[in-house]
Amino acid sequence: EMGCDAEYVDDVHEELVCAVCHLPMLRAVGIHPCAHAFCEGCLVAPHTGVALQECPTCRGAVGSTMPMYMVRNMINGLSVYCVHKARGCEEKVKRGDLETHAATCGFAEVTCTHAGCGATVLRRDLKAHVAKCEWGLVTCPKRCGERVPRGKLEKHKAEECVKRMVECEKCGTKRKAEASEEHRKRLCPDREVECEVAGCGVMYKRGARAEHMKEHAERHVELLAAENKLRVEENKALLQRVAVLESNFESRCTATCVLEWIVDGFSAKRQAKQWIFSGEMVLSHENVAHRYPFQLRVGPNGENDGGVSLYFVPRRGEHPHRLEWPMKKKVEMRIVNQKGGNDVVGILDPVDNDTLKAFFADLAPPPAGNTQGIGLPDFLKPSEVDDFVTSTDCMTVRVRLLD
């Protein structure tokens, strides 16, 4: 970097001028041993950036360089004109303060701060420019909440603002733009709409609805009666279809139909000594016309010795009158062995077992919300429990009706 080419107020003494760039020295340094002074930047070859090896004045070898602080202070104390003198600045400052002044000088050119503008103005005129800049954001005076560039405000108010008044092209009434769509779709009395009575098809102005209904009342009654008759026939067909589907569904479960209940989190519930209940399920059989609702109940700690108990709880269901009571079908309950061994199976026989016969006779049908159950208090022994629990802490229970 060469010397400072600012415009000096007074002539500069030749001893303060660099012999290389012929300008007052910038960051003056002296060469040892010859003591000639130059700009710091002038002692570097301009094309290679390598420090010069000989003095530009005496051609003596450059041993070393050192800052010339006295020379620097003398030059920085010289008075110079502002670099923006040509634009009107008349300030005279010390050369050492020139950069600081230039950074705040009112005659320096700056760019408008508004996005999209890009205009260049004098710093002293920036505030006035910003205040009227076409790209400055202003709030719409119609209170729509939008902020738009000042130069586009009139277009916004006339064409875009939701609070502007617009005229309906049909009826000529005026309202805010934000309400015009609802007016067009639901309120405009001069907009044509189709009669809502299915099959009528007449188009009329919304404001003439009463006259249309009165004029076509007899025809509307005929159309509505025909529509109602059609709906009645459709409902009958649907009810018949539902009956067929119910019948097919109830008869689809065969003798091999098995219900499976996965008891998850078994070990934690066993440790907490909590009874475990299934949701309500239904049992069916190829020889049983309807389905028996029931619930399973597991005692993870058994009744006496810490095994596992399993109970069958008959439920009332939604249509108890359709079922044969008391229930006379055998129920097979099974807990699946998860280690490849034999499952544990228990059978409830309400025909040959007097205790079960009496139990089901008392629940013919079960009352609403029944919780009475019957089953096997010690279905699994304590030593067997681990073989019936999966690695994910689940136990599988299966139930089916037998002949």
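View 1. The structure holds five aromatic pairs (rings of Phe, Tyr and Trp, for Trp the six-membered ring, with centres within 6.5 Å; planes under 30 degrees apart are stacked, over 60 edge-to-face, the rest tilted). Phe294 and Phe312 form a stacked pair, because their ring centres are 5.1 Å apart and their planes meet at 15°. Phe294 belongs to strand 17 (residues 292-299) and Phe312 to strand 18 (residues 308-314), so the pair ties together parts 18 residues apart in sequence. Strands are DSSP runs of E with at least two residues, numbered from the N terminus. Ring pairs link Phe294, Phe312, Phe359 and Phe360 into a cluster.

**View 2. Charges over rings.** Lys85 lies over the face of Tyr81, 3.9 Å from the ring centre. Arg297 lies over the face of Trp275, at 5.4 Å. The criterion is NZ of Lys or CZ of Arg within 6 Å of the ring centre and within 35 degrees of the ring normal.

**View 3. Cys18 and Cys42.** The structure holds zero disulfides (pairs of cysteine sulfur atoms within 2.5 Å). The sulfur of Cys18 has its closest cysteine sulfur in Cys42, 3.8 Å away, which is too far for a bond. Cys18 is buried at 1% relative accessible area, and Cys42 is buried at 7%.

**Notes.** Residues are numbered from 1 along each chain as its sequence is written. In this predicted model, local features need pLDDT of at least 70 and side-chain atom pairs count only at pLDDT 80 or more, while totals for chains, interfaces and linings use all residues; side-chain values use heavy atoms, without hydrogens and water.

Technical notes:
Helices (H or I, at least four residues) and strands (E, at least two) are DSSP runs, numbered from the N terminus. Buried means under 20% relative accessible area, exposed over 50%, partly exposed in between (1.4 Å probe, protein chains only).
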